[in-house]
Amino acid sequence: MAIAVHRPVRRRPHHPIHVVVTYHPVLAALAVLLALLLVVFLVSDRPGTVAPSVVQVGESDGNSTVRLRTGDTLQVTLEGNISTGFTWEIAGYDEAVIRPVGEQQLVRRSNGLGAGEDVVTRFEAVGAGTTVVRMIYHRQFEDGVAPLKTFEVVVTVEGSAAR
């Protein structure tokens, strides 16, 4: 695309500048092709990598084994009812393999008074290895009392290579 600017010899106060644009179809097609190649290059994944994923587990998955890759998220969803004073607390994990991410979230199951909620706890896989994630459902203010429920899942984390 070439731009030629033509200016009148004498300038009059209300006389506009004339711009003449010459359209060249080959250059325009080349510009579009380069733009598309740039978009494809920037958007495509690098070879051999897989985007991190979220693996969800719940009470029915207790005592099972979960496989993750470094960077993946483990989301544990357990039924609870904080109005009774009970909470789900993380009781064990190997921090070289997996670590908690953010705060626990409470998701109400209904709007009724005293209705329970799902307690969502997230972990990020940070290093290769195997660990047991252990959670207990108890009243934190009751010393010496066994937890009402426990939840355990074995987590094996592999490197970030494709599965």
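Tutor: Two strands pair if DSSP finds at least two bridges between them, and strands themselves are DSSP runs (E, at least two residues) numbered from the N terminus. This is a predicted model, in which local features need pLDDT of at least 70 and side-chain atom pairs count only at pLDDT 80 or more, while totals for chains, interfaces and linings use all residues. Residues are numbered from 1 along each chain as its sequence is written, and side-chain values use heavy atoms, with hydrogens and water left out.

Student: Thanks! Which residue in strand 8 is the bridge partner of Gln75?

Tutor: Start with the two strands: strand 5 covers residues 73-80 and strand 8 covers residues 117-125. They run antiparallel and are joined by eight bridges. In strand 8, the bridge partner of Gln75 is Arg122.

Student: In what order do the four strands of the open sheet lie?

Tutor: The pairing in this open sheet is mixed. Its edge strands, each pairing on one side only, are strand 3 (54-58) and strand 7 (98-108). The order is 3-5-8-7.

Student: How far apart in sequence are the parts that the pair of Phe86 and Tyr137 ties together?

Tutor: Rings of Phe, Tyr and Trp (its six-membered ring) pair if their centres lie within 6.5 Å, and planes under 30 degrees apart count as stacked, over 60 as edge-to-face and the rest as tilted. Phe86 and Tyr137 are stacked, at 5.1 Å centre to centre with 20° between the planes. Phe86 lies in the loop between strand 5 and strand 6 (87-92) and Tyr137 in strand 9 (residues 129-138), so the pair ties together parts separated in sequence by 51 residues.

Student: Is Asn81 buried or exposed?

Tutor: Asn81 is in the loop between strand 5 and strand 6. Leaving aside its neighbours within four places in sequence, Asn81 has contacts (heavy atoms within 4.5 Å) that include Phe86, Glu117 and Tyr137. With a relative accessible area of 16%, Asn81 is buried.

Student: And what is the phi of Asn63, about?

Tutor: Most residues other than glycine have a negative phi. Asn63 is in the loop between strand 3 and strand 4 (65-69), and its 67% relative accessibility counts as exposed. Although Asn63 is not a glycine, its phi is positive, about 65°.

How values were computed
Buried < 20%, exposed > 50% of the residue type's maximum accessible area, 1.4 Å probe, protein only.
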